[in-house]
Amino acid sequence: MIEARHLRVLRAVAGTGSFSAAARELGCTQPAVSQQMKALEQSAGTPLLIRTGREMRLTQAGTALVRHAAGILAGLTAAEEEVAAIAGLRAGRVRLVSFPSGSSTLVPTALAAMRAAHPGTRISLVEAEPPRSVEMLREGDCDVALAFRYGGERGAAGAAAEWEELVVRPLLTDRLVGLVPEGHRLAGAGRVGMAELADDPWIAGCPRCRRHLVEVCEEAGFTPRIDFATDDYPAVVGLVGAGLGVAVLPELAVESVRAKGVATLSVEPAVEREVVALTLPDLARVPAVAATLAELERAATR
């Protein structure tokens, strides 16, 4: 019989490429990893790893087992958490991953409410932009993922496919605003058309935001000259404030940053992104995960 603990070890070995690295990741010894892998191969009845020097390579059977492991472990986690809640243990764990502007705006309010209502529930937070956050959810490395996608993306079909077979909780529509230095010729305009910024240097954000910026600018009839690109929203605001270029950022990002030396403008035509919370169908039935989703929805309405 294949045991869940052996599957976790296999995933760690596959992800790190060696027994010693997997042991460090799992917080155990290298001999313990080796023993558990031997036990798993005996249960499977076939080799799962090929040892080539210091590295490990998956066999065809090992690759198949790793592919199924994420769903199996997610299902087991859902069962354990639901049974614990039914038994009245009042305990649970939720692993949350969020993009940075969500972490600084929606997440604090939701987690504070969770702690007040369910003090026995432990919640961890790491940051990742989509599509990496969605991959982490599918790989079993988190329970809830905050993600976003832009309306009218050229890759809309691909963006929609990212969320297939996931539980999708819409949170809010986040409008993009323009940022220009206070001394910019349009700083007092209140609103701006993208084409009016065609000759300005640009500061771009995360890879998905960067790609969408190029698409929007091309629809307005020009290709933006991107002088700087950074995933750090405060850095984008700081670069604009220093007069090094213009940018467009989601309102959530601007809300979380002190915009010194910067004027904000409404962008025409309106550019929006859809912000959602995602989880797996099995995990959506876990009380702690369901409560976290509910608090994220409440936070988005405040």
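The model is predicted, with local features needing pLDDT of at least 70 and side-chain atom pairs counting only at pLDDT 80 or more, while totals for chains, interfaces and linings use all residues. Residues are numbered from 1 along each chain as its sequence is written, and side-chain values use heavy atoms, leaving out hydrogens and water.

Helix H8 covers residues 207-219; helices are DSSP runs of H or I with at least four residues, strands runs of E with at least two, numbered from the N terminus. Just after H8, Gly 221 has a positive phi of about 100°.

Cys 209 and Leu 213 are also among the residues nearest the centre of the largest cavity, as are Tyr 150, Leu 176 and Val 248. A cavity is a set of points on a 1 Å grid over the protein atoms alone where a 1.4 Å probe fits but cannot get out; lining residues have an atom within 4 Å of a point. H8 gives the most to this lining, with five residues.

Tyr 150 also belongs to an aromatic cluster with Phe 99 and Phe 148. Rings of Phe, Tyr and Trp (its six-membered ring) pair if their centres lie within 6.5 Å, and planes over 60 degrees apart count as edge-to-face. Phe 99 and Phe 148 pair edge-to-face, at 5.1 Å centre to centre and 80° between the planes. Phe 99 lies in the loop between strand S3 and helix H5 and Phe 148 in strand S5, so the pair ties together parts 49 residues apart in sequence.

Methods. Expected span 1.5 Å × (residues − 1). 1 Å grid on protein atoms, 1.4 Å probe; cavity = no way out; pocket = protein on both sides within 12 Å on 5 of 7 lines; lining within 4 Å. Phe/Tyr/Trp six-rings, centres within 6.5 Å; stacked < 30°, edge-to-face > 60°.
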